[in-house]
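Trainee: Could we go through this model together? I would like to start with the ligand and then look at some residues elsewhere in the chain.

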Amino acid sequence: MRFDIWSKGMAALDVDCLVIGIFEDGQLTEEARALDSACAGRLRKLLARGDFPGKAAETLLVADLPGIGATRVLLTGLGAKKSFGRKAWRKAWAAAVAALSRTAIRSAALAIERPDAKELDDYYFGRAVAEIAEASLYRINDLKSGKKPKPAALARVLAGPVVRSAAAAVNRGLAHGAAVAAACRVQRDLGNLPGNVCTPTFLAEEARALAKRHRSLRVRVLDEAAIRREKMGCLLAVSQGSAQPPRFIVIEHAGSGRAARSADPIVLVGKGVTFDSGGISIKPAAAMDEMKFDMSGAAAVIATLTFVAAIDLPLRVVGLVAAVENMPDGKAVKPGDIATSASGQTVEILNTDAEGRLILCDALHYARRFKPAAVVDIATLTGACVIALGHHHTGAMGNDEALVRELVEAGVRADDRAWPLPVTEEYAEQLKSNFADFANVAGREGGAITAAAFLGKFTQGMKWAHLDVAGTAWHSGAQKGSSGRPTPLLADFLIRRAGL
Ligand code: BES
Ligand code: MN
Ligand code: ZN
């Protein structure tokens with residue numbers, strides 16, 4: 001999709017469709033008034049008949065209004081004017097794109113009233129226009145046989161109205177938004193693939209293929225033998241029950257400019273469990289299929305690196321992905337087994353379903369060699385996080401309050417929100433073991449935090465944050481599929497870190 005701006009003369013715009021917002025209470029927006037006077041009052045007449053009440057996210061396509069260049073107008077409901085803000089605007093624009101995608105319309109100009117600049121400034125307006133448009137057009141990788149649905153015709157969107165002084169910021173937002181959206185597509189495509197396709201080996205090959213398309217990226221893949229040489233005993237313990245060999249993927253982006261290249265990097269670490277059966281501590285059958293999404297953290301890391309490469313972010317970023325499959329087997333790790341992590345610390349594996357922290361602890365230890373300015377891991381780590389925060393917020397934890405705050409604030413700006421949970425010393429005490437340095441589980445209470453406390457044993461001396469995306473990385477039910485979160489949050493965090 002191509003994005004651009006329009007500034008004035010809506011009636012003369014050379015597009016297939018104008019998208020006009022309509023309030024529920026009949027008050028016309030500035031754009032609606034301009035359209036109405038261009039088409040000799042036809043809009044007011046239509047609304048007066050009651051054909052379009054302006055309910056939030058409802059749309060009506062009107063053809064061949066006189067006096068304007070566009071052959072169609074898409075009326076889009078904004079709901080009540082008094083409750084109109086960033087959220088209602090987002091909903092309206094998403095609904096408009098969804099409606100446009102079912103037509104033959106190839107180009108559209110957005111002329112929906114904008115929320116207050118305090119809620120959505122010029123830059124974030126551009127970002128949201130692009131991110132929402134692309135997300136609404138996303139289709140799940142098609143593994144259905146039979147006739148393929150036609151892709152949407154919409155290929156060009158003009159955002160506006162944009163005054164001249166705002167053009168640069170909006171254009172920058174559009175460019176960043178398109179890159180965030182492309183990254184989300186990478187994440188969602190990987191997440192939506194079935195576990196028999198998206199294996200650790202497949203993830204590594206995809207990372208390599210993506211790096212070929214982005215010149216700033218370097219990829220190295222450790223196979224099982226190399227992982228053994230790194231002494232990643234916890235990661236290997238998880239992997240040993242699977243017929244699929246593990247992979248450890250290292251993706252590096254060297255930002256252009258000497259200062260950027262030599263600075264300490266941000267290291268992102270992703271949990272890449274391509275299927276989590278629970279292992280010997282096997283999960284119940286209900287919804288076990290959703291454990292194909294247990295590599296969403298890994299997918300987010302790979303996706304975010306394509307984003308930093310696409311916009312040539314002037315910042316060093318390293319992505320680490322620990323990719324394994326967690327299966328029960330005669331060779332699988334058993335409850336009570338003790339593994340030695342790459343850090344040398346020993347872990348009693350009391351529950352083989354707490355496998356995410358086992359692969360992450362070795363990946364986090366690997367991060368040390370980069371002397372990172374900050375390490376952020378992204379993981380579908382605990383069901384407890386879903387109980388704590390539901391599906392709206394990602395859990396944000398870590399050992400550095402400022403870093404956690406930075407991520408939470410990035411999530412607010414990116415409309416991809418996270419909420420802090422406290423990782424104080426008490427939680428780590430629950431991980432006591434009689435047989436090893438500590439156990440990999442600590443009971444049900446505070447499960448999201450004790451998981452973080454476990455990771456905290458491996459991140460001492462580094463500025464570290466942990467994003468538990470168990471509740472946010474995918475949708476269940478009729479809309480089952482990857483959400484692309486928290487890639488927008490990570491993108492925003494990195495943009496700010498780079499000082500853009
Ligand atoms: N991948 C799961 C976490 C999960 C569960 C994510 C449900 C999304 C939905 C993780 O590996 C896991 O199984 N965690 C256990 C930990 C427990 C054994 C301490 C959990 O949350 O039940
Ligand atoms: Mn598990
Ligand atoms: Zn898991």
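Trainee: How many Å is an oxygen atom of ligand 1 from a polar backbone atom of Gly383?

Mentor: That distance is 2.7 Å, and it falls under the polar contacts, meaning pairs of N or O atoms within 3.5 Å, where within protein one atom must be able to donate a hydrogen and the other to accept it, and residues adjacent in sequence count only if both atoms are side-chain atoms. Before going on, keep in mind that this is a predicted model, in which local features need pLDDT of at least 70 and side-chain atom pairs count only at pLDDT 80 or more, while totals for chains, interfaces and linings use all residues. Residues are numbered from 1 along each chain as its sequence is written, chains are lettered from A and ligands numbered from 1 in the order in which they are written, and side-chain values use heavy atoms, with hydrogens and water left out.

Trainee: Which residues come nearest to ligand 1?

Mentor: Of the 16 residues around ligand 1 (a heavy atom within 4 Å), the nearest are Asp276, Lys283, Asp353, Glu355 and Gly383. A polar side-chain atom of Asp276 is 2.9 Å from an oxygen atom of the ligand, and a polar backbone atom of Leu381 lies 3.4 Å from a nitrogen atom of ligand 1.

Trainee: And how much of the accessible area of ligand 1 does the protein cover?

Mentor: On its own, ligand 1 has 510 Å² of accessible area, of which the protein covers 77%; these areas come from the Shrake-Rupley method with a 1.4 Å probe.

Trainee: Changing topic, is Glu131 buried or exposed?

Mentor: Glu131 is buried, because its relative accessible area is 14% and buried means under 20%, exposed over 50% and partly exposed in between, with a 1.4 Å probe and protein chains only. Glu131 belongs to helix 4, residues 122-137, where helices (H or I, at least four residues) and strands (E, at least two) are DSSP runs numbered from the N terminus. Leaving out residues up to four places away in sequence, Glu131 touches Gly177, Val180, Ala181 and Pro488, a contact being heavy atoms within 4.5 Å.

Trainee: Where is Arg185, and what does it touch?

Mentor: Arg185 sits in helix 5, residues 167-192, and touches Glu134 and Tyr138 when residues up to four places away in sequence are not counted. Arg185 counts as partly exposed, at 35% relative accessibility.

Trainee: What about Ser341, buried or exposed?

Mentor: Ser341 is buried, at 3% relative accessibility, and it is placed in the loop between strand 11 (337-340) and strand 12 (346-349). Apart from its neighbours within four places in sequence, Ser341 has contacts that include Lys231, Cys361 and Phe458.

Trainee: Which peptide bond is cis, with omega near -5°?

Mentor: That is the bond from Gly160 to Pro161, and Pro161 lies in the loop between strand 6 (156-159) and helix 5. The bond from Arg485 to Pro486 is also cis, with omega near 5°. Most residues other than glycine have a negative phi, and most peptide bonds are trans.

Trainee: Then what is the phi of Ala57?

Mentor: Ala57 has a positive phi of about 70°, although it is not a glycine, and it lies in the loop between helix 2 (42-48) and strand 3 (59-63). Asp312 has a positive phi as well, near 50°, and is found in the loop between helix 10 (296-310) and strand 10 (317-326).
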